[in-house]
Amino acid sequence: MEFSDIPAWLSTGRDAVALLKAAGGLLPKGEKKAEIEGKIEDAEVALRKSNALLAKDLGFPLCQCTFPSSIMLWKEAQKAHVCPNLECGHIKPRGMQISREAVVQAHSRSGGGWMAR
């Protein structure tokens, strides 16, 4: 997949879920409608998970304020990645970022870190 194809892929997934929701709203009330609405919700969660996984694989920062994780978007005016969740608003400024995984790996390789010396 080309990097330039990603926005179209994300948009197509969102559009598909929106169409499913619209179709679910047209169904008559009853047990089957509730079941179908549940399946639509499952599809929406699966899409959000796949979007977060794709973003992580491409190196985009993720905010842990929601599950699945929110993709932090670059805001040029702030020169930082910003969580799109209005209740969170976490900002990750440009610069060297060290992941938790890297810290844990470095710690385990060194035999306990500086305190073990």
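A residue is described here as exposed when its relative accessible area is over 50%, as buried when that value is under 20%, and as partly exposed in between. The structure examined is a predicted model. Under this definition Lys32, with a relative accessible area of 58%, is exposed. Buried residues account for 21% of the 117 residues in the protein chain.

The secondary structure of the protein chain consists of three helices and five strands. Read from the N terminus, these elements follow the order α-α-β-β-β-β-β-α. The accessible surface of the chain amounts to about 9,100 Å², and carbon and sulfur atoms contribute 60% of that surface. When contacts between residues at least 6 apart in sequence are considered, 17% of them join residues at least 24 apart.

Three of the strands form an open sheet with the order β3-β4-β5 and antiparallel pairing. Strands β3 (73-75) and β5 (91-93) stand at the edges of this sheet. Each of these edge strands has a single partner strand, so one side of each is left without a neighbour in the sheet. From one strand to the next, the twist averages 35 degrees. In general, the strands of a sheet pair through backbone hydrogen bonds, in either a parallel or an antiparallel manner. In the present model, β3 and strand β4 (residues 80-82) run antiparallel and are joined by three bridges. Within this pair of strands, Lys75 stands opposite Ala80 in β4.

Apart from its neighbours within four places in sequence, Asn51 is in contact with Trp9, Leu10 and Ile71. Lys32, by contrast, is exposed.

The count of salt bridges comes to two. One of them joins the side chains of Lys32 and Glu35, with an N to O distance of 3.8 Å. Glu35 is partly exposed, with a relative accessible area of 42%. The other salt bridge is formed by Glu76 and Lys79, whose closest N and O atoms are 2.3 Å apart. Glu76 is partly exposed at 45% relative accessibility, and Lys79 is likewise partly exposed, with a relative accessible area of 42%.

A disulfide is a covalent bond between the sulfur atoms of two cysteines. The number of disulfides in the model is zero. For Cys65, the closest cysteine sulfur is that of Cys83, and the separation of 3.6 Å is too far for a bond. The reason is that a disulfide requires the two sulfur atoms to lie within 2.5 Å. Cys88 is also in no disulfide, the nearest cysteine sulfur being that of Cys63, 3.6 Å away. Cys65 counts as partly exposed at 34% relative accessibility, and Cys88 is partly exposed with a relative accessible area of 33%.

Conventions
Residues are numbered from 1 along each chain as its sequence is written. This is a predicted model: local features need pLDDT of at least 70, side-chain atom pairs count only at pLDDT 80 or more; totals for chains, interfaces and linings use all residues. Side-chain values use heavy atoms; hydrogens and water are left out. A salt bridge is a side-chain nitrogen of Lys or Arg within 4 Å of a carboxyl oxygen of Asp or Glu. Buried means under 20% relative accessible area, exposed over 50%, partly exposed in between (1.4 Å probe, protein chains only). Two strands pair if DSSP finds at least two bridges between them. Helices (H or I, at least four residues) and strands (E, at least two) are DSSP runs, numbered from the N terminus. Axes are lines fitted to C-alpha atoms, for helices over the stretch in contact, and angles run from 0 to 180 degrees between N-to-C directions. Contact means heavy atoms within 4.5 Å. Accessible areas come from the Shrake-Rupley method with a 1.4 Å probe; for residues, only the protein chains shown count as cover.
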